[in-house]
Amino acid sequence: MPQPSWKVNEIFYSIQGEGKHTGMPAIFVRLAGCSMHCPFCDTQYAARDGKETDAPALLQALAAWPAKTVIITGGEPTEQNLPALIAVLKEAGYQVHLETNGARDTDVSRADFVCVSPKRYVSPEMLKKADVIKIVVGQETDLDDLQKYYAYENAKTQIYLQPESNKQENIDLCVKLLKNHPSARLSLQTHKLANIR
């Protein structure tokens, strides 16, 4: 039986710069490939380039750093064999966080934290599995459409609004929205503000 492998764009050790775990050291595994091609994507390079990486090579790379939290991001992780990757990481003793656009309903039950950032389309089932629904807000955002995500808020799932590209006009828009919906939270990309890789 062939061993699983994944197309990996990069693996690096840094600080989580956005959302609920801002400031937390973590190892980032950026998977390659994404069929969404959003115009505002800040990791378009990951949609193209990746190196086939099996579990032993992946775990060897992760062992170079002291953190025990791995953030799987992309590209779009659900376009690969994500359940197998989560299983490998969990069995190696890592906490596993996931960043996904949520377009594909995927088994993420073994992940410790799931952030769904909806783009052009999203699976309602994935929204139900999210710990955080992170909505990127820019001047082109359909604010009426944004409201539908509030229905998924509950004791487990929280809404975060993230200003596109940290632009002041988008920050101002997020603040206005948050003041009208105070159970949501603001998510700035602090790693960009602090120039952290």
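Me: What makes a run of residues a helix or a strand here?
Reply: Helices are DSSP runs of H or I with at least four residues, strands are runs of E with at least two, and both are numbered from the N terminus. The model is predicted, so local features need pLDDT of at least 70 and side-chain atom pairs pLDDT 80 or more, while totals for chains, interfaces and linings use all residues. Residues are numbered from 1 along each chain as its sequence is written, and side-chain values use heavy atoms, without hydrogens and water.

Me: Which elements supply the lining of the second largest pocket?
Reply: β7, α4 (143-146) and α5 (168-180) each supply at least two residues, and β7 gives the most, with three.

Me: What makes a space a pocket, and not a cavity?
Reply: On a 1 Å grid over the protein atoms alone, a cavity is a set of points where a 1.4 Å probe fits but cannot get out, whereas a pocket is an open set with protein on both sides within 12 Å along at least five of seven lines. Lining residues have an atom within 4 Å of a point. The largest pocket holds about 950 Å³. Its lining has 44 residues, with Arg30, Asp42, Thr43, Thr73 and Gly74 closest to the centre.

Me: Why is Gly counted as polar?
Reply: Ala, Val, Leu, Ile, Met, Phe, Trp, Tyr, Cys and Pro count as nonpolar and Asp, Glu, Lys and Arg as charged, so Gly falls among the others, which are polar. By class, the lining of the largest pocket has 16 nonpolar, 16 polar and 12 charged residues; that of the second largest pocket has nine nonpolar, four polar and eight charged.

Methods: Grid points are joined across faces, edges and corners, and a volume is the space filled by probe spheres set on the points.
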